[in-house]
Every structure is written in C-alpha cells, then in structure tokens.
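Dear colleague,

My findings follow directly after it.

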Amino acid sequence: SVLVATFAFQGPMGRAHARGPYAEYHPEIMTKADAFILDQLGDGVVLTPPPMSDIIVIRKGNPVVFGIASFNLTDQPFVEMAAMVKTFFAPETTDEARQELAKQWCVDYIYCPDTWPVEAAVREELTQAPWLQTVAHQGQALLLKRPQ
C-alpha cells in the first residue's frame with residue numbers, strides 16, 4: 001500500500017495527459033485547452049465539476065459552488081452538493097432545472113473542463129441555452145457566462 005500511495009496517488013505512475021489511475025486526485029495535471037480557458041475566466045462564482053473546481057480556486061481565486069478540497073469545511077452537506085453538481089451536468093437534466101440551480105447558487109460562470117470532460121450532449125445543451133453566453137471554448141473545454 002505504501003508503494004501504491006507513493007507512485008499512484010503522489011507520483012506520476014501511469015499518468016499521461018491527465019489520464020491514468022486516480023486522475024481525480026491529481027488536479028495539478030490539466031490539458032492545454034483547460035489552461036487556455038482558465039485565462040479567459042473573469043471574476044465571479046463558478047459552477048464546474050470537481051476536481052476542476054479546486055483548480056479554479058487555487059489558480060484563479062474564484063469562489064466555486066462545490067469542491068472536493070472543501071470536504072466538511074463549509075456549511076453545506078458534502079453529499080448533497082456533490083449530487084447537485086452531478087445533476088447539473090447530467091444529460092437528463094432539463095434546461096429549466098439547470099437555470100434554477102445556477103440562479104439558486106448565484107453562478108456567474110459555468111465551466112465544462114477538457115481534462116475531465118462533460119458529455120458532449122450536455123455541452124451542446126449549455127451552448128444552446130438562451131440564458132448563457134459562450135465566453136470561450138477549446139477542445140472539450142467550454143466556458144459560459146450567465147449574465148446577471
């Protein structure tokens with residue numbers, strides 16, 4: 001277990017372009033598309049799937065709706081917040097439900113990462129949503145703004 005912890009969790013064993021074992025525990029590894037899109041991110045609250053949410057907090061300083069690093073450090077239940085983010089990015093979620101969640105959490109930006117991609121159908125639905133504006137996209141990364 002010491003070897004697994006050292007090489008798989010902490011080291012680069014099997015790692016290639018943010019893929020490989022335990023990729024979710026290596027938010028320091030991201031694609032060039034995500035690095036480009038992060039440079040386009042302005043100030044405001046971001047809704048994105050983890051671990052990209054943790055990267056945004058560390059790299060840009062934006063508040064995020066939910067992050068893995070905040071486990072039991074907020075007044076919101078971890079399991080409920082994880083389920084909410086998963087629901088938002090699920091293909092079966094309606095546009096109205098997504099809009100309500102974004103409004104409820106005062107979201108300014110929605111970010112679909114390239115490193116840990118959101119399903120293509122969801123990205124397409126978000127791009128077509130009349131209440132969102134596309135800021136930037138590259139690869140599978142998509143940054144959208146919710147005008148206030």
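Glutamine 138 belongs to strand β3, which covers residues 133–138; strands here are DSSP runs of E with at least two residues, helices are runs of H or I with at least four, and both are numbered from the N terminus. The model is a predicted one, in which local features need pLDDT of at least 70 and side-chain atom pairs count only at pLDDT 80 or more, while totals for chains, interfaces and linings use all residues. Residues are numbered from 1 along each chain as its sequence is written, and side-chain values use heavy atoms, with hydrogens and water left out.

Because its relative accessibility is 34%, glutamine 138 counts as partly exposed; buried means under 20% relative accessible area, exposed over 50%, and partly exposed in between, with a 1.4 Å probe and protein chains only. Leaving aside residues up to four places away in sequence, glutamine 138 touches Lys32, Ala33, Phe36, Ile37 and Asp114, where a contact means heavy atoms within 4.5 Å. Isoleucine 37 is 101 residues from glutamine 138 along the chain, yet their C-alpha atoms are separated by 7.2 Å.

Helix α4 spans residues 78–88, and Met81, Met84, Val85 and Phe88 are buried in it. These residues cover an arc of only 95° around the axis, so they lie on the same side of α4; the arc is taken from the directions from the helix axis to the C-beta atoms. An α-helix has 3.6 residues a turn, so residues three or four places apart point the same way. On the other side of α4, Val79 and Lys86 are exposed. The buried residues of α4 pack against β1 (46–47), α5 (95–104), β2 (109–112) and α6 (120–128).

A search of the whole structure finds 1 aromatic pair. The ring centres of phenylalanine 88 and phenylalanine 89 are 5.0 Å apart and the planes stand at 70°, so the pair is edge-to-face. Rings of Phe, Tyr and Trp (its six-membered ring) pair if their centres lie within 6.5 Å; planes under 30 degrees apart count as stacked, over 60 as edge-to-face and the rest as tilted. Both phenylalanine 88 and phenylalanine 89 are buried.

As to the chain as a whole, the protein has 6 helices and 4 strands, in the order α-α-β-α-α-α-β-α-β-β along the sequence. Of its 148 residues, 42% count as buried.

With kind regards
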